[in-house]
2 protein chains.
Amino acid sequence: MSGLRRPARRYPYVDAGADIYVDSFATIRREADLTGVPADAEKVAVRMIHGSGQVDLARDLVVHPGLLAAARGALEAGAPILCDATMVATGVTASRLPASNDVICLLNDPRVPDLARAFGTTRSAAAVSLWEPMLAGAVVAIGNAPTALFHLLELILDGGPRPAAIVGCPVGFIGAAESKQALVDLAADHGIDIPYVTVLGRRGGSAMTSSALNALAQEAE
Amino acid sequence: MSGLRRPARRYPYVDAGADIYVDSFATIRREADLTGVPADAEKVAVRMIHGSGQVDLARDLVVHPGLLAAARGALEAGAPILCDATMVATGVTASRLPASNDVICLLNDPRVPDLARAFGTTRSAAAVSLWEPMLAGAVVAIGNAPTALFHLLELILDGGPRPAAIVGCPVGFIGAAESKQALVDLAADHGIDIPYVTVLGRRGGSAMTSSALNALAQEAE
């Protein structure tokens, strides 16, 4: 380490990690309208806003009233986290997980390309079918592919295993808004009530998805 | 693979991966105002918008006119990509890299905690100092920590090695907007002209940063 020295300060910025978190969360609580968020999921909303840099994310957030209890309970009991994208899995802070939970992404599993071809769908969606043996009671985290969320809902509607909770935040221009609306409508349309958090519209992504997981994993900010 | 079958289709959605990309990029080109983006960097802007799900990202994008030539040239010559966060590194598509370029994140290097303590700064910033031996001519990708971007600028202003190009898109509420403004002002304020792309304001993040890298790596959409 000899030879390395901090360069001269030229800009006035906060350089204490803990202060940055505290100031960030205070800014979010000051600016964001969280009235639509269940009280016990407020920290989930704050972290998702933090990951996106946008306080107006609050207006598109939909949080099922049972989300926190279902996801926290499942994680404390050792449930795995099933992710659609490696970036989501990478964003989960291992030290926050209450039971050294497995964080699993099967997108690069060698079976996926053939399965996607056989199914006539995307690799992201095909990988969801490989979750089946682990899916009952798991926490699902979809932060990239709308097709993964649609495929999951179709798997459940076909009588497949039901996860304990779904963080469903795919991003983009084709199918993202529609897949998240289908998640919100699952209970009303089909009588299947699985706790979830989602962001209506096109916004979403791996950062806000792993941020939600990190808040669900434990209470400490 | 026996036993796995595609669940019954219940929702009308596009499930062909190639079509999703084509339709997404067409939607972005139809809706986004890209007039402020240099012509040769249009695909970079489109990919960043794609990664964020927001066409109005275009209004906050600032792309240096020399970005594409500098970054593409560096990558084709084998330059490494230096990332502030593991999520950024994870988001780089290896098959798009023109010279099997190294994609490096040193945030979890064992030297970082002590260095951060000695410097009195964040781990993200301290890790930037560990880039020094590789920094000259590299492509830098900062998609998370404002302190990493400030630290990089201070390192350069101290006479340190200069990267070939900077993707500078930290996200958040404390220092993000200021660090990106400092990047934009580097040439005017200090006479150091390094090509960059950034997003003014609080928005940013690992997804749009790795999206930019994937567009800079090769021309094919």
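A residue is called buried when its relative accessible area is under 20%, and by that cut-off R6(B), at 17%, is buried in this predicted model.

**View 1. The salt bridge between D15(B) and R6(B).** The side chains of D15(B) and R6(B) form a salt bridge in which the closest N and O atoms are 2.9 Å apart. R6(B) has a relative accessible area of 17% and is therefore buried, and D15(B), with 15% relative accessibility, counts as buried as well.

**View 2. The contact between chain B and chain A.** The contact draws 60 residues from chain B and 60 residues from chain A, and the area buried between these chains is about 5200 Å², with carbon and sulfur atoms giving 65% of it. Of the area that chain B buries against chain A, 14% is supplied by Y11(B), E154(B) and F173(B), which is more than any other three residues supply. Across this interface there are 23 residue pairs in polar contact, and the side of chain B that touches chain A is made up of 25 nonpolar, 21 polar and 14 charged residues.

**View 3. Salt bridges that cross the interface.** Across the interface of chain B and chain A there are 8 salt bridges, one of which joins R5(B) to D158(A), with the closest N and O atoms 3.2 Å apart. In another, the side chains of R9(A) and E154(B) meet at 3.7 Å, N to O, and this pair runs from the segment before α1 (17-31) of chain A to helix α8 of chain B. R9(A) is partly exposed at 38% relative accessibility, whereas E154(B) is buried, with a relative accessible area of 0%. R9(A) and E154(B) also belong to a network of salt bridges that includes R6(A) and D15(A).

**View 4. The salt bridge between E219(B) and K43(B).** E219(B) and K43(B) form a salt bridge whose closest N and O atoms are 3.6 Å apart. Because E219(B) lies in the segment after α10 of chain B and K43(B) lies in helix α2 of chain B, the pair ties together parts that are 176 residues apart in sequence. E219(B) counts as partly exposed at 41% relative accessibility, and K43(B) is partly exposed with a relative accessible area of 28%.

**View 5. The surroundings of L216(B).** L216(B), which lies in helix α10 of chain B, counts as buried at 0% relative accessibility. Leaving aside neighbours within four places in sequence, L216(B) is in contact with V44(B), L67(B), L68(B), A71(B), R72(B), L75(B) and V167(B).

Note on methods. Residues are numbered from 1 along each chain as its sequence is written. Chains are lettered from A and ligands numbered from 1 in the order in which they are written. This is a predicted model: local features need pLDDT of at least 70, side-chain atom pairs count only at pLDDT 80 or more; totals for chains, interfaces and linings use all residues. Side-chain values use heavy atoms; hydrogens and water are left out. Contact means heavy atoms within 4.5 Å. Buried area is the accessible area (1.4 Å probe) that two parts lose on being put together, summed over both. A salt bridge is a side-chain nitrogen of Lys or Arg within 4 Å of a carboxyl oxygen of Asp or Glu. A polar contact is a pair of N or O atoms within 3.5 Å; within protein, one must be able to donate a hydrogen and the other to accept it, and residues adjacent in sequence count only if both atoms are side-chain atoms. Ala, Val, Leu, Ile, Met, Phe, Trp, Tyr, Cys and Pro count as nonpolar, Asp, Glu, Lys and Arg as charged, and the others, Gly among them, as polar. Helices (H or I, at least four residues) and strands (E, at least two) are DSSP runs, numbered from the N terminus. Buried means under 20% relative accessible area, exposed over 50%, partly exposed in between (1.4 Å probe, protein chains only).
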